[in-house]
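Subject: Structure handover

Hello,

The structure is below, with notes on what was found in it. Please read the notes alongside the model.

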Amino acid sequence: MAQEGRNIIDEQVVVGEEKGSVRLATLNRPRQLNVISSEVVLKLAKYFETWEKDDKTKLILIKGEGRAFSAGGDLKMFYDGRESKDSCLEVVYRMYWLCYHIHTYKKTQVSLVNGISMGGGASLMVPMKFSVVTEKTVFATPEASIGFHTDCGFSYIHSRLPGHLGEFLALTGARLNGKELVVIGMATHFVPSAKLADLEARLVSLDSGDTDVVRTTIEEFSEKVDLDKDSILNKQSIIDECFSKESVKQIIQAFEAEGSKEGNEWITPIIKGLKRSSPTGLKITLRSIREGRKQTLSDCLKKEFRITVNILRSTISPDVYEGIRALTIDKDNSPKWNPATLDEVAEEKINLVFEPLEGAIELQIPETEENRWGGKYETSGFA
């Protein structure tokens, strides 16, 4: 009987609601930290397309249920598909295609981020017109550490951060809090979590998607941001000096040298993390971020798609599956990387991951307004 009485909302991975002229998408897998599965991507893409085309829709809100906004991609999904070639290609294609549309969306969007926002989950936060964070917000892009790479448009986003902060965040997986995100422009407003529900209610009552009106409303609830004295952002000069080096090996050497100086003890745990990370993942990630500086959003997403498919195919290394195993399956945190060292990861091998896929099949990014919602997986060469 109790089962019959469950709210249907409990069973939906994404809950879409219409509230006057406002549309609210709630990521609804709280026990899984709202990780992004195939079904989540399908639902989000359908909502975003429908709402952009709907003349009655003026404002889009997105939030996460529970203590996470979204912890990123569903790693178990990738691991379970490791024996079947391209078992996750569809969800990857749909996610990157969706990322393009979120970046270029025609209506005002607000993300309400009160918790964990990592990896691909953060791609539902950073590109929004307005991204509201709180004291509970935790951001990171830790993909390189498990043999993957910084994706979902972050080779574009990170490469445009001040100095060489993008390389630092991508290679180390360093965490940023809500205030830090506002300072570097990856979030627009800091609102205390206690005020978030009231802000949401006010936004719903606005009946407006005008950016000035929405901005003014959020500002009523937001607070001025002051960095904590021990914030990593106060170490920008050291980060720029070290993470501007040409190679991962040179970056680590320079960072270690800085870490040996008095007052730089904060570097020691970061170095340990870098040395535990997948050498292949680190090299791929550094190159992708560096290329991103000269690429458009479309080019970055197409590049990331090639890299992801090749990584999941274990084209040059099975590290991503070993990384997921060590982190989330066996949870022994003792991955055995192959190759095991940076010196063993040949540049010609890295080149292979960036090569176009067979038959010049690519992620289809719609290049014209008339075809804005074209290029779906169903019409791609993969379907």
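A disulfide is counted here as a pair of cysteine sulfur atoms within 2.5 Å. The model is predicted, so local features need pLDDT of at least 70 and side-chain atom pairs count only at pLDDT 80 or more, while totals for chains, interfaces and linings use all residues. Numbering runs from 1 along each chain as its sequence is written, and side-chain values use heavy atoms, without hydrogens and water.

Cysteines: the count is zero disulfides. For Cys99 the closest cysteine sulfur is in Cys152, at 4.4 Å, which is too far for a bond. Cys300 is in no disulfide either, its nearest cysteine sulfur being that of Cys99, 12 Å away.

Of its 15 residues, 13 are buried, so helix 3 is largely enclosed by the rest of the structure.

Second largest pocket: its volume is about 240 Å³. Its lining has 15 residues, and Ile252, Leu274, Lys275, Thr341 and Leu342 are the closest to its centre. A pocket is an open set of points on a 1 Å grid over the protein atoms alone, where a 1.4 Å probe fits, with protein on both sides within 12 Å along at least five of seven lines; lining residues have an atom within 4 Å of a point. Volume is the space filled by probe spheres set on the points, which are joined across faces, edges and corners. Helix 10 gives the largest share of the lining, four residues.

Regards

How values were computed:
Buried means under 20% relative accessible area, exposed over 50%, partly exposed in between (1.4 Å probe, protein chains only). Helices (H or I, at least four residues) and strands (E, at least two) are DSSP runs, numbered from the N terminus.
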